[in-house]
Amino acid sequence: MQSWQLWAAAAALFAAITALLTKLGVQTIDAGMATLVRTLVVAIALALVLVSRGQLAWSTLQQLPGNGVLALALSGLATGLSWFCYNRALQIGPVAAVAALDKLSVVLVALLAWLVLGEPLGLKAWIGVVTMAIGATLVAWA
C-alpha cells in the first residue's frame, strides 16, 4: 500500500468516527451551531499543529500564490456548506443512510475530475464509480 492510500484510509476512518460523533452532537445542538463548533475546533487544532511545526508565520502566509488561496477559499466555502448540509441531514436522518448518500461525493468527484481535469478513468474505475453509486443509493434508501 502506498503512502497516499494509508492517508486516505485514515481519512475514511476519521470520517466514520466524525459521522457518529456528529450524529450524537446534533441531537441536542442546531446544525448551524454544530457546524460552527466543528469549524472552530478544526481551525484551532490545525493552527496549533502548524505553530508546533514552525509552519505558521505571517511571512509564509504573505507568500502564498493568489490563485491557490482563491481556490482554497472557495474549497473552504464548499466544505462549510457541505458540513452544514451533512449536519442537518444527520439531525433528521439515520447516520448510516446519511453517510452513504454523502459518499456519492466520491462518484461526483470522479466524474468531475474526468470532465473538468481530464483525469482518465479506465474500465475498472468506471465499474467502481457505478457500483459505488448503486451501493450508496441502496444503503440510503433501504
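The model is predicted, so local features need pLDDT of at least 70 and side-chain atom pairs count only at pLDDT 80 or more, while totals for chains, interfaces and linings use all residues. Residues are numbered from 1 along each chain as its sequence is written, and side-chain values use heavy atoms, leaving out hydrogens and water.

**Exercise 1. The whole chain**

Task: describe the secondary structure, extent and surface of the chain.

Solution. Start with the elements: there are seven helices and zero strands, where helices (H or I, at least four residues) and strands (E, at least two) are DSSP runs numbered from the N terminus. Next, take the extent: the C-alpha trace spans about 50 × 45 × 30 Å along its principal axes. Finally, of the 142 residues, 15% are buried (under 20% relative accessible area, 1.4 Å probe, protein chains only).

**Exercise 2. Helices α5 and α7**

Task: work out how α5 is oriented to α7, and what kind of residues make the contact.

Solution. First, the geometry: α5 (residues 95-102) and α7 (residues 123-140) pack at about 155°, their axes 8 Å apart. Axes are lines fitted to C-alpha atoms, for helices over the stretch in contact, and angles run from 0 to 180 degrees between N-to-C directions. That angle makes α5 roughly antiparallel to α7 (over 145 degrees). Second, the handedness: α5 passes α7 in a left-handed crossing, meaning the near helix is turned anticlockwise from the far one by less than a right angle. Third, the contact (heavy atoms within 4.5 Å): α5 brings Ala96, Ala97, Ala100 and Leu101, and α7 brings Ala136, Val139 and Ala140. These divide into seven nonpolar, no polar and no charged residues; Ala, Val, Leu, Ile, Met, Phe, Trp, Tyr, Cys and Pro count as nonpolar, Asp, Glu, Lys and Arg as charged, and the others, Gly among them, as polar.

**Exercise 3. Helices α2 and α4**

Solution. Now the handedness: α2 passes α4 in a right-handed crossing. Lastly, the contact residues include Arg38 and Val42 of α2 and Trp83 and Phe84 of α4. The contact divides into six nonpolar, six polar and two charged residues.

Terms used: Angles under 35 degrees count as roughly parallel, over 145 as roughly antiparallel, 65 to 115 as roughly perpendicular and the rest as oblique. Buried means under 20% relative accessible area, exposed over 50%, partly exposed in between (1.4 Å probe, protein chains only). Accessible areas come from the Shrake-Rupley method with a 1.4 Å probe; for residues, only the protein chains shown count as cover.
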